[in-house]
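Please look over the model shown here before reading the points that follow. They concern one part of the fold.

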Amino acid sequence: MSSLGEFDLIRQLFQRPQAVRRASLGIGDDCALLPIPAGEELAISTDMLVAGRHFFDDVDPYTLGHKTLAVNLSDLAAMGAQPLSCTLAVALPALDSAWLERFTQGLWDIAGAHHCELIGGDTTRGPLTLNITVLGSVPSALALRRSAAQVGDDIWVSHAGSAGGIGDARLALQALLQQRGMPHALPPSADAAAFLPTVRHRLELPQPRVALGLALRGVAHAALDLSDGLAGDINHILQASHVGATLFADDGQQHGLLHATSPTLRALGADTALQFALEGGDDYELLFTAAPTQRAQVAHIAHQVGLQLTRIGQIETTLGTRWRNLQGVIQPLHLRSFDHFATP
């Protein structure tokens, strides 16, 4: 515990020297002042993380500091926006200096990696709740929007190949729940202790694909980040663009959703891998659409940013989402995204 007061806490932990200074007035006044680059628009996103809902109470505070900002940077990546700065609002049950020092170190490390300046915020007493608002900039008319998908577009998803794929965060969550004695959908033969070290970082230390988002300007038509599950998240693009889609499991040529999953997840069986990839959340990869004529450019971008980009479907005229399974059968896809107000 700590005898620090609120303003001592702010000065000690949140007013550190920062490598990048974009604000003309930062922490310490009633408002921050931030100039916007000429010819660009401001991209703004906010996310809230609540203990017991979005993370376990005993999570490492370093990884929590990282994830608190990472999920917002992922939103900027999905718009093709360059991070500029952020604000942080925190409700804390008590002032615990050791916990806060580790939390802020995680926050500072990812903020420094993406040149995102902390320019303000607020602290209060209450159940542990973290809220970041992030600000970025994108040249006018180059923002990647959900509403811009076109019929005939390929659907792509990013991932880290053998280092981590779609559905690994869900696998890590299920393993942690299993370790806590909660009955959840892991195959009976699955040993959480065996694979959790391989996938835990995908849940607790997601990597926002900022470089990819910037590289996709002028190449991709529509994009979003995967936070609540691919099967549900893609509907945001389809509804905004007034189109439909068919996703496929495997085209026999190293494309299809199965190829966007990791060897760790596939070891539990193809059906489990596809289920977790479709229904899981917390992937924070980019899903985007682009014309088939851009396939060579997409491959170049994948090499440029050091990621795997896998084609998993096509945008179509007929509304709704369809799924071509491993047997080649096409059927309607009726899966939902994570619901923050659903019963846990």
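1. How many of the eleven residues of strand 2 (residues 82-92) are buried? The model is a predicted one. Eight of the eleven are buried, so strand 2 is largely enclosed by the rest of the structure.

2. On one side of the pairing, strand 2 is joined to strand 4 (residues 129-139) by nine bridges, and the two strands run antiparallel. Within this pair, Val90 has Leu130 of strand 4 as its bridge partner.

3. Strand 2 also pairs with strand 3 (residues 117-125), here through eight bridges and in a parallel arrangement. Gly120 in strand 3 is the bridge partner of Thr87.

4. The length of helix 3 can be checked. Its 17 residues, at 1.5 Å a residue, should span 24 Å. The end C-alpha atoms of helix 3 lie 24 Å apart, which agrees with that expectation.

5. At the start, a side-chain oxygen of Asp96 comes to within 3.2 Å of the backbone nitrogen of Ala98. Just after the helix, His115 adopts a positive phi of about 50°.

Notes: Residues numbered from 1 in each chain as written. Predicted model: local features only at pLDDT ≥ 70, side-chain atom pairs only at ≥ 80, totals over all residues. Heavy atoms only, no water. Buried < 20%, exposed > 50% of the residue type's maximum accessible area, 1.4 Å probe, protein only. Helix = DSSP H or I, 4+ residues; strand = E, 2+ residues; numbered from the N terminus. Pairing = 2+ DSSP bridges. Expected span 1.5 Å × (residues − 1). Polar contact = N/O pair within 3.5 Å; in protein donor to acceptor, adjacent residues only side chain to side chain.
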